[in-house]
Structures are given as C-alpha cells and as structure tokens.
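Please open the model in your viewer and keep the selection panel at hand. The tour below goes from one selection to the next and says what is to be found at each stop.

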Amino acid sequence: MRTKATIENYLFVLPAVLIFSIFYIYPFYKVFTLSLCQWDGIANFNFAENFVGLRNFKELLFQDRVWWQSITQAGYITLIALTFQNAVALALAMACDRDIKGGNIYRVIFYLPPVLSEVVVGLVWRWIYDGNYGLLNHWLYNLGLGHLVRDWLSDPKTAITCVATIHCWKGFGWGFIIFLAGLQTIPRQLYEAARVDGANSWQMFKSVTIPLMIPVFILVSILTILGTMQVFVLILSMTGGGPGYHTEVPVTRILASMIGSSRFGYACSQGIIFGVILLAVSFIQIRLSRRMNKA
Amino acid sequence: MNYLYRKICLFFILSSFIVFLSVFLTSCTPQENAANTEKVTAWHWMSDREDAFQELARQYEAQTGIKINFELYAPSDAYTQKIRAAAQTKTLPDIFGLLAEKRDFASFINAGHIYNLTEDMDRDDGAWKDKLFKKALVVNEFREKNSFGVEAGIYGIPIDVMNIQMLYNKDLLASAGWDPEAPPQTWDEFLRLNRLLKEKGIQGLVSGWGEIWMIYCMATNYAFNIMGEEKVLDTIRGKVPYTDPGWIKVFDLFRQMRDEGVLATGIVTMVNKTAEQLFANNRAAFAFNGSWCVNVYSGMNPDLNYGVMLPPMVSNSHPMMIWGGAGSSFMVNKRSINIAKAVDFLKWLTDDEQQLFLLRETKNPPSNRYALEGIEDVLSQFVDDMDSTTHPNVWGVEEFPVVIETLNKGIQYIIIGEKTPEDLAQEVQKIKVRELKRWHERWSK
C-alpha cells in the first residue's frame, strides 16, 4: 500500500519534472556542451569532431577585450539604474503613498513607460536625439543653449549615457510599483508614534521607512541588476552598439558571435560566463543585504 | 470517495502528460513527411516584394494548378535565425532565400540543405542559364576545388541583380555651382566639391554606416582601386599584411572625409533607412547606397533629381570595383519532395514576363538580362555598371568575420577621431594573425 502511494506521488510530480528537464535542464546541458565546441550553427553537429575543450573560455577570459568592455558598459548603465532610476522611483512612490489628489492617475502615468514596446521607445528616442533633425537639439537651440547641441548618439562621450538615461526612463515604473507596494505595508502607527516623539520627516524616513523597506530595496536592486545587465533591445534600436564599441553590452556581443561570426560555441561560452557573473553579483548582493538587515 | 478522487486525478495527469508528449513529439517531426505535393512553400524576408510575390503566386496557380505559398519573415535578422533553426530541425521549406556569407552558404550545402541546380540550368543547351546575368549567377556558384569543400555547381537562382554605388543629388550640386551632369570622377574633385557644398551649408555624404557591412563595402571598393584585386585577395589569404601602405591609404580616406567635413552628422550610428530619408529629402548631396534605393527614393520623394556614379577614383592604376551581383536569390531544399516543382517555379519566375512584372512592381533590376524593357534611367545606370561589380562571395577566399568586424568598427573609430589609420592597420593585423594561427591549428588537427 505504501509503495503504491509512493509510486502515485512520483507520478504526480513526473509531468513537472519532465517539463523542467526538457525546457530548463536539457537546454542548459546543450549550451554547456556547445560551449566546448567550435560550431557554426549550420553544419550537422558532431561533438567529437567539433570539440575544442576550454579554448572558447580561454579566449573569452584572456583575449576578448571587447567582451570585457561590454561588461563594463553594462555595469555603467546598471550603476546609473541602481542609483538614479531607483532614487526617482522611490521618491515618486513616496509622493504617491501620501493621500494626494489624483494619486491613481499618477500611478498610471508612472507605470506607462515599462508597458511600452522597447523597440518603439528606442526608435522614438533615437529620433529625439538625432543630430540632423532631432527634437532635443531643436529645443536646446530655442532655449539659447546652442553650445550644447551635438550628435548625442554618435558622440562617444554621450552615447552610453543617453542610452542609460532612456533605460532608466523606461524602467523606473517597475521600481515605483514595488516601492509603493512596500511603503503601503508599513503601519501608519509607526509614523504617528514617531511624530508624537518629535521626529521630523528626515528622521522618520531614516529610522522608520529605510529599515522596514530593506527587503524591498534588496528585491528591487536584484531585479534592476539582472534586468539592466541584460539590456539589449534599446541598444540595438538606438545605436546598434556603436559608435565603435562604445555602447556594446554582453547580449549584443553574444548576438554578434552567434549571427555575425557564426561562432555558436563561442556565443554559448559567452552566455555561460555572463550567467556566472550575474549569479555571483546577485549572490554577493544578497549576502551584503542580509548582513545589513541583521545590523 | 477519496480513492475515486485520486484515481480521477491520476487519470487526468497521465492523459495530460500523454497529450503534451504527443504534441511535443509531433512538432519535432520533420515537415518533409507531411509535405503537400500540390503546394510549394517559399520563405523570404523581402517585405517590399510581398505583394508582387503573392500576385505571381496567384498567376502561377492559375496556369499550373500548383499553389505557391510565399511566407514572409522579417526583419532580415529574424529571418536568418529562422532559417538556421529550420536547418537544424530539417524543416526548411521547398524554396528559401539565404542571407549568408559564402562560408555559411557552403555550410548549408555541405549539411545537405541546398539542391545543386547545375543540371537543371544546363538543360536545353543552358537556355535558362543564358538568360540570367552572369555576374548574378556567379555569386551562387561554387567552382571546382573551392576552399569550402563544396561540390562544384550553381546552388541558387537570382531573382534580381543589385550593385552599390554613389548617388548624387543634381539640384544640390547645381546649387553649389557644380555642373550636375558632370559629377566628380576623382577623389580630389570629390573633396573640392564637398568644400563648395560645405560653404553652402549642404551636407556631403550619407550612408547607413551604423550597419557596419556598408563600411566594409566602401573600404574594399577603394582597396581594389588603390591596390588591385590580387593584392586585396592576398591580404585575405594572409600574404599581405593590413599594415601595408595600400591599406593605410584606404583607411586614410575615411580620415580625410572626417577632416574635410564630408560625412553627414551621425553617420557612424546611422541606419540606412535614415540615410535614405536624408538623401531623399535633399538633406545631403551624396549617398552610398545600393540599387534597391530607387524603389525607396521613389516612395519617399518621387521628384528627387539624382544620378548614379561609381565612387570617385583615388588611383588610376587599378579600376574601381563595386559590390554587386545577385540581389536576392532563392535556393531549393535538397530534402524537399517537391524539388522538380520548385525548380519549375523558379524557372517560371525568372522568365521574361515575370521578371518584367517584378521590375515594374519593385523597381529592382531583374536577373533576366532580356527583361529590361521600360527600365528607368537611374536603374538603367545601375545595370550598365554591372561589369564593374565584384562581391566577397566570388573572391574564392573569405576574410574572418572577426577581422571584418575589427576593420569596420575601427573605421568608425577613425571617423569619431579616436584612432588613426596606422592604429587601425596594426589592430586589424593583430587580429588577422591570431585568426590565421587558430585556423592553421584547427586544420592541422
């Protein structure tokens, strides 16, 4: 009877295990085996013939300067998103958390950019930044700031920051919603008690809001890092990775290896290294946050 | 009750699992087994030709009773991925277009995905072959003892031809005081004219150099002009370094264009569609673009007054060669059970009448050289220059993609002033040496 029950239990989880194996474990295994091979993605695949050992990883780690430049650039965009984007999201969430008139309208407006298609956003902003007939330059001229006019996306000094800014504009809505949900879980009595004790707004923010919001900060930070490091569509629609390699990010490099150079094996090794980097960053962040939480 | 409930649950889970497994396995089955013998399926990425293809498919069905099912997948990047995925699962359609370099083209053939059309082309004393522009066929041809290990033959049918040249705006040239019927023939004249244009506040050259392959196209045009074909091909073979003065001279042309203010604002990240808009709207005097632009410009500005010219020569020692050949080609799936029907349709598609229809509807020069009746002036100039065309697919040797990328990106760096031609030459050569070493290691193994 007990054996029968055990078999039944296994049968119940079998579909989930199979789906997980087919759609997660097998693809990961395949990516890993491909990363050890040199293969163009077209020819019939033969592991023994295509096997090159760890050569792809060696090249990636020690010879591919552009890959590390792309990681640094994605890191730069992530840093801006972590600070600027999340600061704006938190500020707006705090504003909406109060009982202000038309609060729901603001919520909808702030949540609009994330809903828009990334390609459309990229193309529209590309047009705004355009050096020939862009709106931004037109406004700058009209405001008497002609000396600031430039070709924003082709200038290596401004290209990556322009893309980062739009990424923040597009992404702050997510943070806003999560922060707002977090803020609404803080009991109002705590603020009232603090006010009775003579605390001002800054002290309430520092001593009530921040400590209680730490789990939310952790969640938003992890989502921001994972989302921003994998930024891709905006880059493709705004700059294509140029000028030169100035706006290349890891995913555009993976695509370049896979489609541009037909190096599927190398692209897979890039994917694995990139995954490991993201995993390590998230792990470090969780550890640090836990320590902060305990403190 | 509990027992019954568990049995029902178990039955439900097991049947869902079986349904899931059946769907999954069915979707993995190659399509060839299920192919409809009265239907030929063709995949392509040419969104501008979709209506014309559908009309031709209707006509063909009316004449033969065979349905041609044209399926459009755009943009081209997505199409490329779809074709590769279909090749892996052996679910390619009967006819498909291929957007690939010669190396990948060869890989498709070696993997048994593309049918050798040579016998069909040679039938009836080569009547079909003779109709088509030789330069267009050669792009789809593999010669004896080619370095890709492909059996010699013709593996694709061009449906149109193209080449990439310099276009000039006659009105803007006239407004700068230059005879619009005598565009600059030499590099010095080109720079002199650009100084005149600059004085009038007119932008010089636009091109989609954000899509970096167009940079390589222009760079190789000038490499052929400055060094000659053999030396360029020897560079690809690894016999001549990229640090050769000839290559530095090629890279220096981009520096000169930068310093003289020839290049339009934002050219390094400009996509070709933007470049086409600027040229069509009289915002730039020159464009470096392909023959497909005639259709694009007529849609954007039917009154645009422009002409076509070969890029201005830098040297007289070698001719100016431009990229050209087959515009778009169709291949036949070697695993298809409809090979004969697919070949018949392609033969029909490249017949005079259908080619004239495509010329009228899409304004692309036809691959059939007898279907040029009523061709527009500008398009006719493109066709006239087919003799000056070359293409990486006919060179017989192919540069490593990573070397091409370094060269293209490096030219972007020259344009934004972050590298000198000499820096770029060193960098490209370094990558070339690394790739050659890797290639030798692989082949010696």
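Begin by selecting Leu167(B), which stands opposite Val308(B) in strand β10(B). This is a predicted model, in which local features need pLDDT of at least 70 and side-chain atom pairs count only at pLDDT 80 or more, whereas totals for chains, interfaces and linings use all residues. Residues are numbered from 1 along each chain as its sequence is written, and chains are lettered from A and ligands numbered from 1 in the order in which they are written.

**Strand β7 of chain B**

With β10(B), residues 306-309, β7(B) pairs in the antiparallel sense over four bridges. β9(B), residues 284-290, also runs antiparallel to β7(B) and is joined to it by five bridges, and in this pairing Tyr168(B) stands opposite Phe286(B). β11(B), residues 322-326, pairs with β7(B) in the antiparallel sense over three bridges, and here Asn163(B) has Gly324(B) as its bridge partner.

**Two helices of chain A**

Move to chain A and select α10(A), residues 201-229, together with α13(A), residues 264-294, which pack at an angle of about 165° with their axes 10 Å apart. The axes are lines fitted to C-alpha atoms over the stretch in contact, and angles run from 0 to 180 degrees between N-to-C directions. The two helices are therefore roughly antiparallel to each other, a label for angles over 145 degrees.

To view the contact, in which C-beta atoms placed from the backbone lie within 7 Å, pick residues including Ile218(A), Ile222(A) and Met229(A) of α10(A), and Leu278(A), Ile286(A) and Met292(A) of α13(A). The residues of this contact divide into 10 nonpolar, five polar and no charged; Ala, Val, Leu, Ile, Met, Phe, Trp, Tyr, Cys and Pro count as nonpolar, Asp, Glu, Lys and Arg as charged, and the others, Gly among them, as polar.

Methods:
Angles under 35 degrees count as roughly parallel, over 145 as roughly antiparallel, 65 to 115 as roughly perpendicular and the rest as oblique. Two residues are in contact if their C-beta atoms, placed from the backbone, lie within 7 Å. Two strands pair if DSSP finds at least two bridges between them.
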